[in-house]
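Here is my notebook from an afternoon of looking things up. Follow along with the structure open beside you.

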Amino acid sequence: MSLRSIDPVENRRRMLAGELYYSFTPDLVADRRRCKVAGLEYSTHSISGDVPRRKLVELWNAVVRDTTPLPPVAATPEEDEDLFVDAPWVDGPFKADYGFNLKFGPNVYVNFNSTWLDTCTITVGARTLIGPNCSFFAATHPIDPAVRNGTRGPEGGKPIVVGEDCWFGGNCIVLPGVTIGRGVTVGAGSVVTKDVPDYVVVVGNPAKVIRKIEVGEPKAAVQVDVVAAPK
Ligand SMILES: CC(=O)SCCNC(=O)CCNC(=O)[C@H](O)C(C)(C)COP(=O)(O)OP(=O)(O)OC[C@H]1O[C@@H](n2cnc3c(N)ncnc32)[C@H](O)[C@@H]1OP(=O)(O)O
C-alpha cells in the first residue's frame with residue numbers, strides 16, 4: 001500500500017483519537033518538519049536571549065499554533081514584559097513532533113532539553129515545573145513487529161495529562177496514556193508508567209508513590225523575603 005493513498009483527514013482523526021494510523025504520510029511528515037523548524041527558531045532565541053519576551057511568546061505561539069492575539073504593546077519594555085509574566089516559559093532547546101497538540105496552562109516552566117512526542121494531546125496544568133531533559137511520549141508502536149513494519153506500518157498513541165502544580169525533577173519520562181494528578185512531585189530520573197493520584201511524591205522506574213504531600217496554607221503564606229527595599 002502506498003502511504004500517498006491514505007485519506008489524510010481520516011488518518012489525522014485516528015492519530016488524535018489514539019487509534020492506529022500512519023505517521024509517514026506526506027502531510028504528517030510536513031507537519032513534523034514545520035514544528036522542527038519553528039521549534040529551532042524558538043529555541044535559538046530562547047537560548048541567546050536576544051529578543052524581548054513578547055517576541056519569544058510570539059515564537060512559542062507559532063510552535064503550538066496558538067493564534068490568540070497578544071495584548072497591545074505597553075508603554076515601557078518593562079511593563080510590556082510584565083504582560084507575559086504568566087505565559088508558559090520553555091527554555092530551549094525544545095523539541096516536539098507537532099506542537100499543536102501541546103496544551104500548557106499559565107505559569108508553566110519547562111527547563112532545557114525537553115522532548116514532546118505529541119501525536120495525541122499532552123496537557124500540562126498551571127504552575128507545573130519541569131526539570132531538564134524530561135520527555136513526554138504520547139506516541140507508541142505495536143508490539144508485534146509484523147504489524148509495526150518500520151516506517152510503513154501503523155502506530156498509535158494515547159494522551160498524557162499532567163495536573164496543576166506538579167514538579168518534575170530532571171530526566172523524567174512519562175509514557176503514553178498516563179494521567180498525573182494535582183500537586184505531584186516526580187523524582188529525578190523517574191519513568192512514569194501508570195496514573196498518579198493527587199498530592200504524592202513518586203520516584204523510580206517504574207515510578208512508585210513514596211509519600212503523600214500535606215498541602216499547606218495558600219501560597220501567599222510562604223513568601224521569601226527578597227523584595228528590594230524602596231530607595
Ligand atoms: C524545574 C526544575 O528545573 S527541577 C531542577 C532539577 N532538580 C531535580 O531534578 C531534583 C529532583 N529531586 C528529587 O528527585 C528528590 O529526591 C525528591 C524531590 C523526589 C525528594 O523527595 P523526598 O520526599 O524529600 O525524598 P527523600 O530525599 O526523603 O528520599 C526518600 C527515599 O526516596 C529515594 N529517592 C529520592 N529521590 C529519588 C529519585 N529521584 N529516584 C529514586 N529514588 C529516590 C531516596 O533515596 C530515599 O530512599 P530510602 O528511603 O530508601 O533512603
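I looked at Arg32 and found that Arg32 lies over the face of Phe24, at 5.1 Å from the ring centre. For this I asked that NZ of Lys or CZ of Arg be within 6 Å of the ring centre and within 35 degrees of the ring normal.

A note on my source: this is a predicted model, where local features need pLDDT of at least 70, side-chain atom pairs count only at pLDDT 80 or more, and totals for chains, interfaces and linings use all residues. Residues are numbered from 1 along each chain as its sequence is written, and side-chain values use heavy atoms, with hydrogens and water left out.

Next I turned to the rings. I found 7 aromatic pairs in the structure (ring centres of Phe, Tyr and Trp, the last by its six-membered ring, within 6.5 Å; planes under 30 degrees apart are stacked, over 60 edge-to-face, the rest tilted). Tyr98 and Phe100 make a tilted pair, 5.5 Å centre to centre with 40 degrees between the planes.

Last, I traced a sheet. Its 5 strands form an open sheet in the order 2-5-8-13-16, with parallel pairing. Strands here are DSSP runs of E, at least two residues, numbered from the N terminus, and two strands pair if DSSP finds at least two bridges between them. Strand 2 (94-96) and strand 16 (191-192) are the edges, each pairing on one side only.

Conventions:
Helix = DSSP H or I, 4+ residues; strand = E, 2+ residues; numbered from the N terminus.
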